[in-house]
Amino acid sequence: MIFLFHWLVKITGWLPYCLILRPKISYENKKIQSHHIKGRAIVVSNHRSVWDVATAMFTFPTRTLRCAVAEIMFEKNALMSLFLRLLGSVRVDRASHDFGFLNACGRVLDRGGVVEIYPESRLPFKHEETPLEFKPSAVYLALKTGAPIIPICNNGRYFVKQRIRVHIGCPIDVRGLYRDELSEKENVANITAYVRGKIIEFQKQLEQQEKEDEGRR
């Protein structure tokens, strides 16, 4: 059911997405990671808007991304809750500090699936510097399962004259970054900072691309 519903959304939403947002995808190294994900993976993205979920879905159209979604979205109304459940979204109850959602994500990965996580945990307030600090859940999940993290970044240009741009990074082997001389807590903190650093690097690249576009007009 989840697979079929994802494809229904993709088929009906693809043309409006392309016409309205005019997406432009760039790559850290397309030979290593293109818009097709092979095998299990954890997609980690910056978070600018609720539309980021749709952007990630259409960025990787051949796979079904199971997104970790905050409880507030499930509680908006019955229709939204139904839509998220049909998409196979994993509910994250942030206030309860319950990490059971990691077990649900782990089961998706064990079946060879793809999980999508926004480690900033919330949308930024106006004038906050982005990306916000990352929560360590994606790194914990990657260490537990051995699944690679695929970092992506979008420019958040929704429904404006600029195009939506997405930069796809190379998969990160989290276990390969683990240092035995450090504690697990120190390793998780260091690797989380590394992943966030990649997102910051991609964000700067997207900003430079926008400036170049402006200069050509």
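1. E133 is exposed, with 59% relative accessible area; the cut-offs are under 20% for buried, over 50% for exposed and partly exposed in between, with a 1.4 Å probe and protein chains only. E133 pairs with R196 in a salt bridge, 3.6 Å from N to O. The term means a side-chain nitrogen of Lys or Arg within 4 Å of a carboxyl oxygen of Asp or Glu. R196 sits in helix α7 and E133 in the loop between β5 and α6, so the bridge ties together parts 63 residues apart in sequence.

2. Ground rules. This is a predicted model, where local features need pLDDT of at least 70, side-chain atom pairs count only at pLDDT 80 or more, and totals for chains, interfaces and linings use all residues. Residues are numbered from 1 along each chain as its sequence is written, and side-chain values use heavy atoms, with hydrogens and water left out. Helices (H or I, at least four residues) and strands (E, at least two) are DSSP runs, numbered from the N terminus.

3. The other salt bridges. Side chains of opposite charge can pair when their charged atoms come close. The count here comes to nine salt bridges. E28 bridges to K198, with the closest N and O atoms 2.8 Å apart. This pair links distant parts of the chain: E28 is in the loop between β1 (24–27) and β2, K198 is in helix α7, and they are 170 residues apart. K198 counts as buried at 12% relative accessibility. E28 counts as partly exposed at 31%. E201 joins E28 and K198 in a network of salt bridges.

4. A bridge between sequence neighbours in number. E181 and R179 meet through their side chains, at 2.8 Å from N to O. E181 is exposed, at 58% relative accessible area. R179 is partly exposed, at 43%.

5. Helix α6 (residues 137–145). Seven of its nine residues are buried, so α6 is largely enclosed by the rest of the structure. The buried residues are S137, A138, V139, L141, A142, L143 and T145. They pack against β2 (41–45), α5 (100–110), β5 (114–117), β6 (149–154) and α7 (184–216). Contact here means heavy atoms within 4.5 Å. G146 follows α6 and has a positive phi, near 80°.

6. Nonpolar cores. In soluble globular proteins, nonpolar side chains tend to be buried together. A core is a set of buried Ala, Val, Leu, Ile, Met, Phe, Trp, Tyr and Cys residues joined through side-chain atoms within 4.5 Å. The largest core has 30 residues, and I42, V139, L141, I149, V174 and V195 touch the most other members. Elements giving two or more residues to this core are β2, β4 (90–92), α5, β5, α6, β6 and α7. Leaving out residues up to four places away in sequence, V195 touches V44, F134, V139, I149 and I172. Another core, of 17 residues, lies apart from the largest one; I37, A41, V43 and I150 are among its members.

7. Packing of α1 on α2. Two packed helices are described by the angle between their axes and the distance between the axes. Helix α1 (residues 2–21) packs with helix α2 (residues 52–59) at about 100°, and the axes are 10 Å apart. That makes α1 roughly perpendicular to α2, a label for angles of 65 to 115 degrees. Axes are lines fitted to C-alpha atoms, for helices over the stretch in contact, and angles run from 0 to 180 degrees between N-to-C directions. From α1 come H6, V9, K10, G13, W14 and Y17; from α2 come T55, M57, F58 and T59. These contact residues divide into five nonpolar, four polar and one charged. Ala, Val, Leu, Ile, Met, Phe, Trp, Tyr, Cys and Pro count as nonpolar, Asp, Glu, Lys and Arg as charged, and the others, Gly among them, as polar.

8. Backbone points to check. Most residues other than glycine have a negative phi, and most peptide bonds are trans. The peptide bond from T130 to P131 is cis, with omega near -5°. P131 is in the loop between β5 and α6. S121 lies in the loop between β5 and α6 and has a positive phi, near 75°. S121 is partly exposed, at 27% relative accessible area. R22, in the loop between α1 and β1, has a positive phi near 45°. R22 is partly exposed, at 33%.

Technical notes. Angles under 35 degrees count as roughly parallel, over 145 as roughly antiparallel, 65 to 115 as roughly perpendicular and the rest as oblique.
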